[in-house]
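Hi,

Here is the structure I promised to pass on. My notes on its pockets and on model confidence follow below.

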Amino acid sequence: MSLQQAILPTASAPALRTAGPNAYLSFFGKWSSFWLALPFPLALLLLWYVSAQCEWVAPQVLPSPQVVLTTFLDLVRSGEMFDNLKISFVRVLLGFGVGLIGGLLLGVAMGLSPVFKDYVYPLFKAFSQVPVLGWLPLLMLLVGIDEALKIILISKAALVPIALNTYKGIENVPTRYVEVARVLRLSRWQLLWRVIFPAALPPIWNGVRYGFTHAWLALVVVELLASSEGLGYMIVFGRQLFQLDVVMAAVVVVGVVGFAIDQVLARIEVILLGWRRSGF
């Protein structure tokens, strides 16, 4: 008997026969949820258009969608939008990479070693309670306002949810999995790579997605306060010159890019965790 057979129940014949229709229902269910979510943003866009046309709000405060679209196309044609997007993307990738590695190592250490957890977890909880902006004044004195400041703050934002979800995922692995592995006389490395980590992968990957979301938000906040390049800087620069069309174009790009990356991570999650639907 294999480890998978010992841990997971064998799928019955009726369940296998109904897998095809269920897959189709799942596919159409996803599209129905998409169409259900579509009316609300369209209603907001319509309200924005009507407000601008009727001048319920001054055009200097709320530019029309046509003006924002024209400004966005001008920024794209001039290359300014892509240049700032590239700078922001490189920053968030570097910061997220540092936070990902640190968060995984810290979470695995706390999850596998009760002694290490007893020493580190209280300090980690206190560290996680301080928001990103709380570290900004101290770090500005220590490392200045160059790229190091931005990378450190972005990595901190990503590290906390990744470490916490990794630790909780390992800690909550069912004990029966470990007992079966011991009955099968798996070595410690086999126990980790074939039982612990696969079972803890769903919460770990959730932590990765939350970590990137927090890193993206921290990027914009840091660029709003201490940057001369990037999407956040475009928002500040547009506000200072009272160019609200530039501000809204940059805000839309921030939202669309963040949403797109989260969807990419969700698709990767489907691939990584496909074994949950196929019986390990």
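Before the rest, some ground rules. This is a predicted model, where local features need pLDDT of at least 70, side-chain atom pairs count only at pLDDT 80 or more, and totals for chains, interfaces and linings use all residues. Residues are numbered from 1 along each chain as its sequence is written, and side-chain values use heavy atoms, with hydrogens and water left out.

That second largest pocket has a volume of about 400 Å³. Its lining has 18 residues, with G111, L112, I170, V178 and I196 nearest the centre.

The largest pocket comes to about 550 Å³. It has 16 lining residues, and P41, L45, W48, V252 and V256 are the closest to its centre. Helix α13 (244-272) is among the elements supplying at least two of the lining residues, and with seven it gives the largest share. This lining holds 14 nonpolar residues, two polar and no charged.

On confidence, the chain averages a pLDDT (the predictor's confidence in each residue, from 0 to 100) of 82, and 85% of the residues score at least 70. Helix α2 (residues 13-17) is lowest, at a mean of 41, and α6 is highest, at 93.

Best wishes

Terms used: 1 Å grid on protein atoms, 1.4 Å probe; cavity = no way out; pocket = protein on both sides within 12 Å on 5 of 7 lines; lining within 4 Å. Points joined across faces, edges and corners; volume = space filled by probe spheres on them. Helix = DSSP H or I, 4+ residues; strand = E, 2+ residues; numbered from the N terminus. Nonpolar A, V, L, I, M, F, W, Y, C, P; charged D, E, K, R; others polar.
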